[in-house]
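Me: I have a structure open and I'd like to go through it with you. Can we start with the ligand and then look at one residue?

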Amino acid sequence: MVVPRPLKALDYRVPDGMTLKRGDIVEVPLGKSSTCLGVVWGSGEGGLDEARMKAVAHRFDVVPLKEELLRFVAWVASYVVATPGAVIDLVLRVPDALEPEKPRVAFRRSTRDVAKLTDARRRVLEVAADGLARRVGEFAEAAGVTSQVVRGLITAGALEEVVLPPMGSGPQPDPAFAGPVLSPAQSKAAVHMIKAVQARTFSAALLDGVTGSGKTETYFEAVAAAMQAGRQALIMLPEIALTVQFLERFAKRFGARPAEWHSDLTHAQRRRNWRAVMNGDVRAIVGARSALFLPFRDLGLIVVDEEHDTAFKQEDGLIYHARDMAVVRARIESCPIVLASATPSLETWINAESGRYTHLKLPERHGKATLPKATLIDLKREELGAGEFISPTLTQAVRDVLAQKEQAMLFLNRRGFAPLTLCKACGHKMKCSRCSAWLVEHRYRRKLVCHHCGADRNIPPACPECKTANAFIACGPGVERVAEEAKAKFPEARIAIASSDTMHGPRQVQAAIEAVADHSVDLLIGTQIMAKGHNFPMLTLVGVVDGDMGLEGADIRARERTFQLLHQVSGRAGRADRPGRVMVQTTDPRHPVLMAIASGDRDAFYRTEAGKREAGGLPPFAKLAALILSGWKEQSVREAGEALVAAAPIAHGVQVWGPAPAPLAMIRGQSRMRIAIHAERNVNLQAYLRAWLAAPKLSSGVTLSLDVDPQSFM
Ligand code: ADP
Ligand code: ZN
């Protein structure tokens, strides 16, 4: 039995009269007084005294989890060096989906009259006069009364109960609803994917197409093929902010929306969707990372859109990479997987170039749209005033675009007003008291904010160090500061800021996108939240305010990430029949990333990067893992790290580095140390880690987390 806890499989007795098979979902006692869900894993190893074993309490009346899902769970657990229980926890996230749906009831006017007729009650009865059945809340809203009033009428017998049929899943997407006419390149890629779906075996393809080439349109044909074959399709998106637009596009193509799976759903929606995925009613579902652990009845296709996106890496709790695990799930389910991107991860690109994945290419934008031309603005040759960040060249370009009644976007991947606030008298830098990070000034909120723990404080009237009053100066730009400068430089323009501080939740992001799309904004100033996936027909200029940002750093993927981000944001320009331009401000115009952006030669950049990774013995040419230790006492964290490293087994081809203070040495008051494990490609890294981590016991107060294939090195 595997229970959703970080535990090994447990043994339970099967009570008389109950029969269980592998995959059955049950309730079992755990610990002294509590119970939890469990999944029957097998018959156990035996040799235990049956009389002393606890018995299974209950078997849920649902189809057992499929063998494929159980194998997937075991595979993931083994890969990330966790127990199957820790992974089953991701599968059993909606416990009440296991119970049959309660009948839904509504009320309608009965024949009985009421004696005490208040004004409010009369209004309800007026609404009810049409004889239609409504739920309590619907009556209350329609009559403008509290639900108390409605309930009073139910008790008085003036409204009677009717049982509604169970909530249907609504109209089903229709694969033949509105198929597009594909271009020859699109058609070639689509035919390949459709054949892969029909083959009902595992295969992997990289759908590699420039922004606006119609990747979505093209993989929709594979989704249609999966539905036509009576199977289910899973489409994974990196961020729920992208799903609203996606749902509408899907509905245009298929006549109905797909099911959704992400953290923004209501409890009832999650419950309904989980069950519908399990019993096969859901034919297509779009979701975030966690959708990978749904109990599909018959999975026929997985699409991972924007496959390079770092959001696919789950960094809390059980650390796993949803894109990589999606490939595993497809293999186990014997279905194809399509990874789509304009800027694939280097790992995927290498897999495609080496022939492990099929490389499907869409080299041109759809229709008349062309790719924007990128130029670099050398900031060393520009006259910029103190505290100014928009160069004269970029300013002129924005003016020209606005004069043409077109739109521009200034991109800066930094929230707030300024990333650093310091005292000009003594140089004191304002830092978070709980994290090793500067406080970022947010001028609209009038606060200094830590971007790591979210803590904020008022801007103090005087420097806490030297007590000089009003001595703070803002260093460096954030979107708020660029917006202020833009308001001064382009006073006529309608300016909007888009960052996660100004927009809360996917609906607000969607509203901002619509405002740009319908041209009620002339100049958009945004962070990466605006970088991907959106179609802005009138946007013809993208100005990258700080092209140097993120180019170097401890992260082995810093260059790749910056290239991807700049490329994605460039892709926002010139999406319709108006050609677009991209201008990147930099102090280092000879940097390989920026030269690749300017030349548009993506593959040359990828080849160089791949060469560097290979020469440096870095992934995917070697394996990496990281151990992160954290705790309140720095001393104990350090000692625990040293003890752990001392206990590391010696193995050929494996090197252990550290412990070293993490670049973010403190988060929320906890000290952090990192240990890096580097292994040659042929080493069984998981076996090594399991052997190592089985033995040592951590001192109390220190937490250890293991990150296989780390993406973040903070
Ligand atoms: P990508 O996902 O590669 O960035 P999209 O799928 O968003 O590209 O396509 C860009 C735009 O071109 C969208 O507005 C899309 O509807 C349109 N488009 C692409 N292919 C076709 C086609 N074959 N027929 C009609 N419109 C298309
Ligand atoms: Zn902090």
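Reply: The chat below covers the surroundings of the ligand and then one residue elsewhere in this predicted model.

Me: Which residues come nearest to ligand 1?

Reply: There are 16 residues around ligand 1, and those that come nearest are Val181, Gln186, Gly212, Lys215 and Arg249.

Me: ok, and what sort of residues make up that shell?

Reply: Eight are polar, four are charged and four are nonpolar.

Me: Which helix gives the largest share of the shell?

Reply: That is helix α7, residues 215–228, which supplies three residues.

Me: What lies 2.8 Å from an oxygen atom of ligand 1?

Reply: One case is a backbone N or O atom of Gly212. Another is an N or O atom in the side chain of Lys215. For Thr216, a side-chain N or O atom is 2.9 Å from a ligand oxygen.

Me: How much of ligand 1 does the protein bury?

Reply: The protein buries 74% of the 560 Å² that ligand 1 exposes when taken alone.

Me: Changing topic. Where is Gln407?

Reply: Gln407 is in strand β16, which covers residues 407–411.

Me: Buried or exposed, and why?

Reply: Gln407 counts as buried because its relative accessibility is 1%, and the cut-off for buried is under 20%.

Me: What does its side chain reach?

Reply: The side chain of Gln407 reaches the backbone oxygen of Val521, at 2.8 Å.

Me: And which residues does Gln407 touch?

Reply: Leaving out residues up to four places away in sequence, Gln407 touches several, including Val401, Val516, His519, Val521 and Met538. Asp522 and Leu541 are also among them.

Terms used. Residues are numbered from 1 along each chain as its sequence is written. Chains are lettered from A and ligands numbered from 1 in the order in which they are written. This is a predicted model: local features need pLDDT of at least 70, side-chain atom pairs count only at pLDDT 80 or more; totals for chains, interfaces and linings use all residues. Side-chain values use heavy atoms; hydrogens and water are left out. A residue is near a molecule or strand if one of its heavy atoms lies within 4 Å of it. A polar contact is a pair of N or O atoms within 3.5 Å; within protein, one must be able to donate a hydrogen and the other to accept it, and residues adjacent in sequence count only if both atoms are side-chain atoms. Accessible areas come from the Shrake-Rupley method with a 1.4 Å probe; for residues, only the protein chains shown count as cover. Helices (H or I, at least four residues) and strands (E, at least two) are DSSP runs, numbered from the N terminus. Ala, Val, Leu, Ile, Met, Phe, Trp, Tyr, Cys and Pro count as nonpolar, Asp, Glu, Lys and Arg as charged, and the others, Gly among them, as polar. Buried means under 20% relative accessible area, exposed over 50%, partly exposed in between (1.4 Å probe, protein chains only). Contact means heavy atoms within 4.5 Å.
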